[in-house]
Amino acid sequence: MSQDLLPKVDRGDFQEVFIEDLNWLAPDVKKSISVTDDDGRQVSAHNVASYKGLRVWVCDERPGSVLEAELDRLIAKTTTDRLVIFDDEKEQVWRWPLRRAKDGSVTSRLTSHRHKKGDTDPKFAARLDIIRMPFDVILDANAVLGRVREAFDTEAQNESKRASKLMANMYAAVEKAYPATVAPKVRDHEISVTLARILFLLFGDDTEMWHTDAFRNVIQHETLPEGSNLAQVLNDLFTFLDTANPRSVPNGFEGFKYVNGGIFEEKIELPPLGKDFRAAILDACAVDWSSISPAIFGSMFQSVRDAATRRALGEHYTSEENILKTLNPLFLDELREELAAALARDTTQKKVNALNKLWDRLGAIRFMDPACGCGNFIIVAYRELRAIELQVMEALYDLRDKHQLSLDAKSDLKVTLDHFYGIEIDEWPARIAETAMFMIDRQCDLKLRERFGQAPERLPIQREAKIVVGNALRIDWEVVLPPSEHVVVAGNPPFLGPKERSKDQTLDLQYVWGGAYDGFLDYVTGWHAKALSYLAGLDSRWAFVSTNSISQGQAVPTLWGAIFSQGWRIKFAHRTFPWTSEATGGAAVHCVIVGFSRSDLARPRLFDHRDLNTPVRTVPYINAYLVDGPNVLVQKRMKPLSQQLPEVVAGSKAVDWGFLTVEPEQYEGVAADPVARKYLRPFKGGDELINDLERWCLWLVDAPTDDLRTSDLIKRRLREVKTRRLASPKPATRKGAATPHLFEERRQPTKPYLGIPQTFSENRLYATVARVPSTVIASIKLFTSPDPDGFLFGVVSSAMFLTWQKTVGGRFKSDPSFTNTIVWNTLPLPKISDAQRAGIIRAGAGVLAARDLRSGESLARQYDPSSMAPELIDAHLVLDEVVDQAFGAAERCRSELERQELLFSRYAELTSPV
């Protein structure tokens, strides 16, 4: 195996590796090849092995992209097929020319394959295995070339990552060039426009939009090494591309074409840019931009945008995988099924008619992303629709007289850029989106040419996507794109909870929701409200990637009540899944994707990515909680829905600024006071209960007045409480200044109680609740309820309860947050028999007995999902079976989804007016 060769490769023993281990032949070029840069630096490469005209060259340093490219060009004069290795102390780059046919000739662009010395690097070792030649057979030249191409030809993913870093380098270099006197808003605008233009030029160099490497040659040969004239050359080039006159072409600009289309229209006078920006551009020119999906540009943008700005805007850049999770079930799958059905027709004429009908439908679609960012959604939607259109054209070409199908872009291609729209609040990503759409258009045209031998001429630009810069929650979407049944709306709007969003963003939500505004709504729901208004009365379809908070907690009735009341139903839904982004440092959130339609509801699809056995099901109906169950909206209640459940109340609230509560480091000082010591009580909230933490309070409910007066410590603390309560803007708190020795809100049980933490860890399999003596004072962070026989403990300790909590309850960050009104009082426990109640009590006692086996450990330790004791797991499974059956299951449920379906069925029954 070539894994064993990596130490030799790391040492630079390339001749031994290729000749003795990989069975290549001796080098056939003895003379080294050298190149010298503008500063007089010389680098050389020497031939170490060959095989049927293919040669391996080694340069014992890493001179940088520009010199590497120049050295390779000299090597190419003697070796058409070559592998060039650049080797320094820490890393090697193996470069191989990726070839493309252009205008009857073959051109190449170097790809880079990096190997860090010392790494086991199995992918790199696999490449070496591929290029190992048989020792007993001499291969012909084509076979050798095929092996090397298999190992090194495609590296699109690495090229994309490299391109992202290079974009960040260009951004940093041009930002540094701007003087501090330039207003940040002006600077950022000009950088946005400039880098979008350069991105377009890099892509054009590699996709035959003009002569190959025309832009690279301008930077390499028309600008000075120190970059002193770089700004002027770029200014002149941008002007020329916007106003090109074929009879008057400036020196160095030969080979370009008139672009038009608005991309070079705005006049910007760049400041002096310098050698750093020149070097960054030349590094970027070394990448093969033709192989990079424009959908990666979103992550490029995220690489240059600082993290604080991303958080402020709620940006979450979407991978292609997640985009297709949205677009495929929303409308693309349906189009592909229609194509398959057309091709399955039994006569040629029926096939032609069905294909033409589908083609017309493709041309009628208008797509809008009202939070488009760098355009990932519109890029992928355009690419996929063009791919379906190409399949339609191919099928018609095969079925009809070939002369009947011209390839005039103005008449035949029906999926065009001007059918795609976006709204984006920030100019920089909007510019990238516009540019990326030109690029994906070009890539689609090249695929068209591969099939038919020709493609539309796109320069000068005649059509382009419409990207509007502005606040999508304030803009009238109808002005951007008039609504119709052919409009598809989809995207990934920003996620910001009530605590994360700015005052202006809250005003945005109030503006779009009007009187229906609910303070619990996430910012993303503003786009839902706009879609409802925009598509009112139309039989269209729309879908958004959203935070999973839209299907949890108190905001559900507000959002989903509005959606369902207008006749929209869920066409598909992806239940909660962890977010993935193609950008470094991508968002760490949990998302759902929900698509809506009014009529296309025959086969709603429910995707559950945690169910590996059945990740997608066709179901009769999907409700607001993304469950195949009754269409119910769980409203908060003041009393328990089930008559067999007691009330649960929050604990006591001190409002004391720390003067009625005692931290561990204060305990000895307070306990030293003989009067205060009499009133010290353990004081627990959820955190203290779960983690077995010590905390105390002065519980002075029954304290005689004399005790309050004789203790200096108590008097001093009560004086602080009174002073601060009097200064409060809240009337209830000021009223409490009359009794500073009492907690402002007192709800302490007089008997032992069940303590339910306000917040649970999202990772634990069960709620960490405990039975607590009445001598322990419960804080506002701990809910309480009497539980004399342990029945309540058994119910709350079950997986069924935690499923209800996670499904309808709110969240604190990502952790489930318990409330009595929305979680406990709505728990749909059906009427159970005495035997079932006894079974739950008995199984709950079994859980307590299992806990006692590790009584020295906190609940947090005992319920760590990675180390739960087998006895505790078994006890909970016994409890789950009993509780599941009490809710109507025939046996213990196998999944969260099964429990959700049971819970909503019971809820519908218990809330039915009958």
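Salt bridges and a helix crossing

Me: How many salt bridges does the structure hold?

Reply: In this predicted model, the structure holds 44 salt bridges.

Me: Why is the pairing of K267 with D242 called a salt bridge?

Reply: The closest N and O atoms of K267 and D242 are 3.8 Å apart, and because the cut-off is a Lys or Arg side-chain nitrogen within 4 Å of a carboxyl oxygen of Asp or Glu, the pair qualifies as a salt bridge. The two residues come from distant parts of the chain, 25 residues apart, with K267 in the loop between α9 (230-243) and α10 (274-285) and D242 in helix α9.

Me: What makes K267 exposed or buried, and how is D242 classed?

Reply: K267 has a relative accessible area of 54%, and exposed means over 50%, so K267 is exposed. D242 has 13% relative accessibility, and buried means under 20%, so D242 counts as buried.

Me: How do you know that E334 and R361 form a salt bridge, and what parts of the chain does the pair tie together?

Reply: The side chains of E334 and R361 meet at 2.5 Å, N to O, which is to be set against the limit of within 4 Å, and the contact is therefore a salt bridge. Because E334 lies in helix α13 (residues 320-343) and R361 in helix α14 (residues 348-364), the pair ties together parts that are 27 residues apart in sequence.

Me: What is known of the pair K414 and D360?

Reply: The side chains of K414 and D360 meet in a salt bridge at 2.7 Å, N to O, and the pair links distant parts of the chain, 54 residues apart, with K414 in the loop between α15 (376-399) and β8 (420-424) and D360 in helix α14. K414, at 22% relative accessible area, is partly exposed, and D360, at 45%, is partly exposed.

Me: Which residues do salt bridges with shared partners join into one network?

Reply: That network is made up of D333, R336, R383, E384 and R605.

Me: How are helices α7 and α8 arranged, and what makes their contact?

Reply: The axes of helix α7 (residues 184-206) and helix α8 (residues 214-222) come within 7 Å and cross at roughly 115°. I198, L201, L202 and D205 of α7 make the contact with A214, F215 and R216 of α8, and these residues divide into 5 nonpolar, no polar and 2 charged.

Notes. Residues numbered from 1 in each chain as written. Predicted model: local features only at pLDDT ≥ 70, side-chain atom pairs only at ≥ 80, totals over all residues. Heavy atoms only, no water. Helix = DSSP H or I, 4+ residues; strand = E, 2+ residues; numbered from the N terminus. Buried < 20%, exposed > 50% of the residue type's maximum accessible area, 1.4 Å probe, protein only. Axes fitted to C-alpha atoms, helices over the stretch in contact; angles between N-to-C directions. Contact = heavy atoms within 4.5 Å. Nonpolar A, V, L, I, M, F, W, Y, C, P; charged D, E, K, R; others polar.
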